[in-house]
Amino acid sequence: MTTGSLDAPPRQAPSRVTIRDVAKAAGVSPSTVSRVMNGSPQIPQATRERILDLAQRLSYRPNAFARTLRGQRSGIIGVLTDDNEGVFANAMLRGLERVVADQGYSLFLGNTLGEAERERRHIRALMDRQVDGLILLDSVVARRSAPSGDIGQTPLVFLYCYTSALPVPCVIPDDRGGALLAVGHLISLGRRRIAYISGPRSGPLAWEASLLRQEGYLAALRQAGLVADPSLIEEGDWTEGSGFRAAQRLFALDQPPD
């Protein structure tokens with residue numbers, strides 16, 4: 001699998017073996033080679049094997065652009081993210097690469113930096129490449145608008161973000177349900193003083209995930225008949241250092257979490 005980037009400068013394409021080169025070496029017409037490459041059952045088995053063997057030895061690769069013009073798949077999935085250096089985005093990109101490689105596809109990545117105009121330009125470039133699908137990946141789970149550019153009938157998936165502007169699949173974590181399960185597990189172990197360290201409650205880092213996780217935390221306590229203790233809820237800023245300091249405050253309480 002190859003992974004491209006819309007931000008990378010174009011490279012000079014090396015000279016490549018064409019379908020005519022394979023046809024000449026095999027002593028057949030280019031149309032016969034084309035039928036073999038497209039899996040036509042009308043070519044005798046011996047001829048098929050000879051052509052495939054020659055194509056492999058000559059390092060022949062079918063022209064993806066020509067296949068696209070003939071209405072076949074391009075073999076490319078476009079991914080647009082607002083931050084390709086974030087921890088979560090990186091992890092999801094690695095997962096995407098594994099999955100698309102298993103299916104014979106390649107990724108083309110574009111970084112929008114959260115700017116609508118950059119997203120529009122990247123979408124135009126991806127549509128020019130006639131990608132087989134488009135994934136919009138955000139670094140923070142939040143509601144967002146429809147794509148900034150026209151994608152026509154290209155299949156679209158929202159990853160780590162969601163929208164009500166389009167009827168498209170949106171793949172997001174269940175933050176509330178995850179917290180509910182985690183707190184429920186601690187309660188099943190006999191714990192009763194369970195603390196929660198949230199993200200910021202205001203400002204640009206007050207992400208929806210923090211609120212949803214707190215909802216799950218409180219719901220699990222209610223289901224167990226436990227009363228939430230406000231002293232067991234601390235606020236952090238999503239960094240390891242703030243979590244450490246919040247934990248120190250919690251364990252300094254007269255009645256610390258158990």
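Reader: What makes S2 and strand S4 a pair?

Author: In this predicted model, S2 and strand S4 (residues 133-137) are joined in the parallel sense over five bridges, and because two strands count as paired if DSSP finds at least two bridges between them, S2 and S4 are called a pair. Within that pairing, Thr81 stands opposite Leu137 in S4.

Reader: How do you know that S2 also pairs with strand S3, and in which sense?

Author: The reasoning rests on the bridges again: S2 and S3 (residues 106-111) share six bridges in the parallel sense, and the requirement is at least two, so the two strands are paired. Here Leu80 stands opposite Gly110 in S3.

Reader: Why is strand S2 called mostly covered?

Author: Buried means under 20% relative accessible area, and six of the six residues of S2 (residues 76-81) are buried, so the strand is described as mostly covered. The cover applies to both faces, with Ile76, Gly78 and Leu80 buried on one side and Ile77, Val79 and Thr81 buried on the other.

Reader: What makes a group of residues a nonpolar core, and which residues have the most contacts inside the largest one?

Author: The members must be buried residues of the nonpolar kinds, joined through side-chain atoms within 4.5 Å. The largest such core has 15 residues, and those with the most contacts inside it are Val79, Leu93, Leu96, Leu107, Ile135, Leu137 and Leu159. S2, helix H5 (87-102), S3 and S4 each supply at least two residues of this core, and H5 gives the most to it, with five residues. Apart from it lies another core, of 12 residues, among them Ile76, Leu80, Val131 and Phe158.

Reader: How do the axes of helices H7 and H8 lie to each other, and which hand does their crossing have?

Author: The axes of H7 (residues 175-188) and H8 (residues 208-223) come within 7 Å and cross at roughly 40°, and the crossing is right-handed. By class, the contact of H7 with H8 has 10 nonpolar, three polar and four charged residues.

Reader: Why is Gly114 called exposed, and where is it placed?

Author: Gly114 has a relative accessible area of 59%, and because exposed means over 50%, the residue is called exposed. Gly114 has its place in the loop between S3 and helix H6 (116-128), and its C-alpha atom is separated by 9.7 Å from that of Ser139, 25 residues apart along the chain.

Conventions. Residues numbered from 1 in each chain as written. Predicted model: local features only at pLDDT ≥ 70, side-chain atom pairs only at ≥ 80, totals over all residues. Heavy atoms only, no water. Buried < 20%, exposed > 50% of the residue type's maximum accessible area, 1.4 Å probe, protein only. Helix = DSSP H or I, 4+ residues; strand = E, 2+ residues; numbered from the N terminus. Axes fitted to C-alpha atoms, helices over the stretch in contact; angles between N-to-C directions. Left-handed = near helix turned anticlockwise from the far one by under 90°. Nonpolar A, V, L, I, M, F, W, Y, C, P; charged D, E, K, R; others polar.
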